[in-house]
Amino acid sequence: MPPSTDLAQENGGGRRLLHIAEEQTAALVDEELALEAAREAFAATVDGVVLPSLAVHGSDPKNRFTLKPSASATHAGVKIGSYWPGNPEHGLPRHHSTLLLFDQTVGRIAAVLEVGTANAYRTAAADALAVDLLARPDATTLAVFGTGHQAGYEARAVSRVRPIGEVLLVGRDKDRAGRLAADLVAEGRTATATGAEEACARADVIVTATTARADAPPLFRARWVRPGTHISCMGADAPGKRELDPQLFSLARVFCDLPEQARRMGESQHAPEGTVLTPLGEVLTGRATGRHDDGDITVFDSSGIGLQDLYLGLALLKRMDITL
């Protein structure tokens, strides 16, 4: 399907503005493409510029969106990720994302990519990369906290990088947890809904993908987590959000996408001041050590970086044989 250009005139440099619709990007993206884009993006964080994200709200404060700018040596752009909780009333998902890519010669927008589904793959790819770098090689049991839009993507992505034999699903709504378990079973996986304490007692890898906030209790207690467990925190991406028991910071080695951003809007906004935050890109490129031994508890704090969106967008365009 050719990209649409019906939204714009020439951008001043003789190039038509590309509009790549949600249906097109959703059909093109897959876990392999998203994970490879994540590897490239996190490697680029080590020597390149990583621009911080901004979380704000719409005219109605319950509607939130995040701006994630990015710039590489050759390209630049910004992703707008929105969360409109009332969207199901309109038959639409709560989450959506739009990526804007610049024409570097004239500073105008060259391409608009609707990347709602692709963004779910992108987020899960960061999780999978962290698991690949930090979790024990023999990790076989995955616990996913959250039963919403993102949870299934996380389970599938992690299962690509570790021999996951069982997925444990934990959610406030037991019916939703049961439905998600049934969906994963239908895909040929072993999945069951369970309680938080049991999930922590059995899990080798824990993924949190919720909208939990700091004015609510943590999703689970630090003392429930076994030595050797890896935890990927995917939900805290704005001030006031929190998924973990803060006591975990004294028990774990903590990794993140961007330290200053993690302290401002990630899970690490609740970490003690002296907590060491190691960028995941440094582990990827061999400049920092990940897991020391099988007894380490490791935490990946994912607040989200625009470079990952940029590299994924460029990978999608490359798959369409489009070069900006």
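**Figure 1. The side chains of Lys 62 and Asp 60 meet in a salt bridge, with 2.5 Å between N and O.** A salt bridge is a side-chain nitrogen of Lys or Arg within 4 Å of a carboxyl oxygen of Asp or Glu. The model is predicted: local features need pLDDT of at least 70, side-chain atom pairs count only at pLDDT 80 or more, and totals for chains, interfaces and linings use all residues. Residues are numbered from 1 along each chain as its sequence is written, and side-chain values use heavy atoms, with hydrogens and water left out. Lys 62 counts as partly exposed at 45% relative accessibility, and Asp 60 counts as partly exposed at 29%. Here buried means under 20% relative accessible area, exposed over 50%, and partly exposed in between (1.4 Å probe, protein chains only).

Figure 2. Helices (H or I, at least four residues) and strands (E, at least two) are DSSP runs, numbered from the N terminus. Asp 30 is partly exposed, at 26%, and Arg 319 is partly exposed, at 39%. Asp 47 forms a salt bridge with Arg 287, with the closest N and O atoms 3.0 Å apart. Asp 47 lies in helix 2 and Arg 287 in the loop between helix 8 and strand 14, so this pair ties together parts that are 240 residues apart in sequence. Asp 47 is exposed at 64%, as is Arg 287 at 53%. A search of the whole structure finds 16 salt bridges, and a network of them links Arg 136, Asp 138, Asp 204 and Arg 226.

**Figure 3. Strand 3 (residues 64–71) runs antiparallel to strand 2 (residues 54–57) and to strand 4 (residues 76–83).** Two strands pair if DSSP finds at least two bridges between them. Four bridges join strand 2 to strand 3, and Ala 55 stands opposite Thr 66. The hairpin formed by strand 2 and strand 3 has six residues between them. Strand 3 and strand 4 pair over eight bridges, in which Lys 68 has Lys 79 as its bridge partner.

**Figure 4. Arg 291 is buried yet has no salt bridge.** This residue is in the loop between helix 8 (280–284) and strand 14 (298–301). The nearest side chain of opposite charge, that of Asp 296, is 5.1 Å away; Lys and Arg count as positive and Asp and Glu as negative, while His and the chain ends are not counted. A polar atom of the Arg 291 side chain lies 2.7 Å from the backbone oxygen of Leu 134.

**Figure 5. The whole structure contains zero disulfides.** A disulfide is a pair of cysteine sulfur atoms within 2.5 Å. Cys 200 is in no disulfide, and the nearest cysteine sulfur, in Cys 233, is 11 Å away. The sulfur of Cys 256 is 11 Å from its closest cysteine sulfur, also in Cys 233, which is too far for a bond. Cys 200 is buried at 0% relative accessibility, and Cys 256 is buried at 0%.

Key. Polar contact = N/O pair within 3.5 Å; in protein donor to acceptor, adjacent residues only side chain to side chain.
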